[in-house]
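Here is a short report on one protein model. Keep the structure in view as you read.

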Amino acid sequence: MDREEIYYGKHGEPRKFDPKFRGPIHNRHCTDVLCCVIFIVVILGYIALGIVAWVHGDPRKVVYPTDSHGQFCGQKDTPNENRTILFYFNILKCASPIVLINLQCPTTQLCVSKCPDRFATYIDMQASYRYKPDQWNYYRQFCKPGFNNPWKSVVQVIRDEDCPSMIIPSRPFLKRCFPDFSTKNGILTVANQTTFKDGRGKTRNVTDLREAANGINNVLDARSIGMKIFEDYASSWHWILIGLFIAMVVSLLFLVLLRFTAGVLFWIFIFGVIGMIGYGIWHCYWEYDHLRGIPGSDLTIYDIGFQTDFRVYLQLRQTWLAFMIILCIVEVIIILMLIFLRNRIRIAIALLKEGSRAVGYITSALFYPIITFILIAICISYWAVTAVFLATSGEPVYKVMANQTLCKYANLTCDPETFNTTNVTKLCSGAQCTFAFYGGESLYHRYIFIFQLANAFVFLWLVNFAIALGQCTLAGAFASYYWAFRKPADIPPWPLFSSFGRAIRYHTGSLAFGSLILAIVQLIRIILEYLDHKLKGTQNSFTRFLLCCLKCCFWCLEKFLKFINRNAYIMIAIYGKNFCASAKEAFFLLMRNVVRVAVLDKVTDFLLFLGKILVAGGVGVLAFFFFTHRIQVFTQEAPTLNYYWVPLLTVIIGSYLVAHGFFSVYAMCVDTLFLCFLEDLERHDGSPERRYYMNKSLLKILNKQNVETKRQ
């Protein structure tokens, strides 16, 4: 059994010292077994939920439109097999396109093979039927199947909704017939006409269709833009990939160069800020002195009160004096912080350089985010598919759609087979039994919402687990680097693969535990956002204030938990303890070094943010000159585009994400090395039995050294 003794940390706290400690412990045991078992059971239950949803659900209910009888348009082996488009008898009854898409429009909906291409009314068709029977043959394809009585009175046809009272030129969009809107000389038209007959003896303006099809014209225009964007992607995708490859190379070079330029970049920025503030102080003094003797400049801000034109305040000497005092205070604070925190800043820069060396020795870690991305993509895909199948579970539900808002039967469920025999049509003129949505009264259908909630919760749990697995794996690999006394000779073989195996084999329960806590907080945040959205129109200011406070508190709690979890996973990777013990040790270790934590965090954030901007901006500028044909050498190779900003934005955003992926590994490396550094300081004293593992530059900054054993 390994010998352990008690020693005391720098703040007097008792700690156990293991003289044989050499970094990440390999002789481990399983941690948080109960949570591991629960996690596995939840995953099996999640799979079962997906199977049940796939059995009951039918995604065609989302993809294909449904007529008033709940039948799919275009479904094979049905009378609607060749009728793939949904037609609305009276689109004027529809409030908005969203209502149309959700099949909640209070008018008969019919599956047709094509949309109308002309203006026509039932009255005009009936009047000319004797002379032009072909008009009836065209009109009847938009009537209910089986209806073949052109002599039926118009009043009865409209009442029974056997045929539409009018048809207007339309074109299919989302497999539904929408008016063929266009703009002519700034005037809204349909098939180049500004008026139409409504089939009830009135001539109406096409603007009356605007409310029923609000925004459709813009959406259709967006459709043509979408086609052009697709063409741009088709002709430039290989150049986009080349741009992303360049971003990857530049990101790698930036990480390598941080070993040599981290300190230079940081100090250039700091002295640049000091210089800019110094110039601001001089400019404020110049303005203050320049206004001397000018009438009205000696008035105080209190004298002139509040002014909407803020330029008025710039004419006062007091304003520039206040600016100068504020800038002087900021300048003094920054200089004092640099004086008193200079050693901690040097430590932070040294750790950044050491992180660059570690990444250089464990290069495979840079590509681990690909595994995390694949795991998260699987989780998202499974969640989305399960959510769609759950949403489409059930049988058709029909509801009474009434024109009169005072009809007491409106929105009640009904049976289309017996609806015409009830008193509803007599009490509510024009009422119909129309398909509304898919649902049911079984136990499964009653708890669909609960299943959707469970689907979302397990999805959050799995995504957080995938992230936690990546953090723990990277932490174990980089800890192996730090605790190697002779680098790189003592670094164990395949450190990333070994760390991944330890995390899966021994610490699945601990990672699941940390992910569970975070998932619960995130689910609560989602519920609060949902409630805030639902109560947005309420006039209760106290409720809005309470929700705002709760959202703020849980946002802060989520950020805090992410910070604790990240450092807990590092301690798990090193010592192999359970989640709570690791989180406790990490938290108190960081609190004992809170100033170092703050300095390192800000220095790292700044340098990595600067790196992301440099990568995305540099590659973006190169892409701009290339796609706009401004690089003479590549003028012939550059594709001709409809919108050059399409591939340009893709390259910029993609480059930023590529840089973020590489730099996230580097940030995890620095955080791991920092915790190892703090443990090194508290565990060791430089004696032959307790030698420091930090590099010589850190020893020099701390004015410490390892005592060499005397040779006999």
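## Salt bridges

The structure holds 10 salt bridges. The model is a predicted one.

Start with Lys-152 and Asp-162. Their side chains meet in a salt bridge, with N and O 2.5 Å apart. Lys-152 sits in the loop between α5 and α6, while Asp-162 sits in the loop between α6 and β6, so the pair ties together parts that are 10 residues apart in sequence. Both Lys-152 and Asp-162 are buried.

Now move to Asp-671 and Arg-566. This salt bridge spans 2.7 Å from N to O. The pair links distant parts of the chain: Asp-671 belongs to helix α20 (residues 645-683) and Arg-566 to helix α17, 105 residues apart. Asp-671 is partly exposed, because its relative accessible area is 22% and buried means under 20%.

## A further bridge and a network

Glu-585 pairs with Lys-577 in a salt bridge. The closest N and O atoms of Glu-585 and Lys-577 are 2.6 Å apart. How exposed are the two partners, Glu-585 and Lys-577? Glu-585 has a relative accessible area of 26%, so Glu-585 is partly exposed. Lys-577 has 36% relative accessibility and so also counts as partly exposed.

## Three disulfides

How many disulfides does a search of the whole structure find? The search finds three.

One of them is formed by Cys-73 and Cys-111, whose sulfur atoms are 2.0 Å apart. The torsion about their S-S bond is about -80°, so this disulfide is left-handed. Cys-73 lies in the loop between α2 (60-63) and β3 (85-88), and Cys-111 lies in strand β4 (residues 109-112), so the pair ties together parts that are 38 residues apart in sequence. Both Cys-73 and Cys-111 are buried.

Another disulfide joins Cys-115 to Cys-177, at 2.1 Å from S to S. The link of Cys-115 and Cys-177 is left-handed, with -95° about the S-S bond. Cys-115 is in the loop between β4 and β5 (120-121) and Cys-177 is in strand β8 (residues 176-179), so the pair ties together parts that are 62 residues apart in sequence. Are these two cysteines buried or exposed? Cys-115 has a relative accessible area of 9%, so Cys-115 is buried. Cys-177 has a relative accessible area of 4%, so Cys-177 is buried as well.

## The right-handed link

Cys-143 and Cys-163 also form a disulfide. Their sulfur atoms are 1.9 Å apart. Why is this disulfide of Cys-143 and Cys-163 called right-handed? The torsion about the S-S bond is about 110°, so the disulfide is right-handed. The pair links distant parts of the chain, 20 residues apart. Cys-143 lies in the loop between α5 (133-139) and α6 (154-160), and Cys-163 lies in the loop between α6 and β6 (166-167). Cys-143 is buried, and so is Cys-163.

Now look at two other cysteines. Cys-472 has 2% relative accessibility, so Cys-472 counts as buried. Cys-548 is in no disulfide. The nearest cysteine sulfur to Cys-548 belongs to Cys-549 and is 5.8 Å away.

## Two helices, end to end

Gly-576 follows α17, and its phi is positive, near 75°.

His-629 comes after α19, with a positive phi near 60°.

## A nonpolar surface patch

Which helices each supply at least two residues of the patch? They are α15 (448-482) and α16 (495-534). Ile-450 has its place in helix α15. At 45% relative accessibility, Ile-450 counts as partly exposed.

Conventions
Residues are numbered from 1 along each chain as its sequence is written. This is a predicted model: local features need pLDDT of at least 70, side-chain atom pairs count only at pLDDT 80 or more; totals for chains, interfaces and linings use all residues. Side-chain values use heavy atoms; hydrogens and water are left out. Helices (H or I, at least four residues) and strands (E, at least two) are DSSP runs, numbered from the N terminus. A disulfide is a pair of cysteine sulfur atoms within 2.5 Å. Buried means under 20% relative accessible area, exposed over 50%, partly exposed in between (1.4 Å probe, protein chains only). A salt bridge is a side-chain nitrogen of Lys or Arg within 4 Å of a carboxyl oxygen of Asp or Glu.
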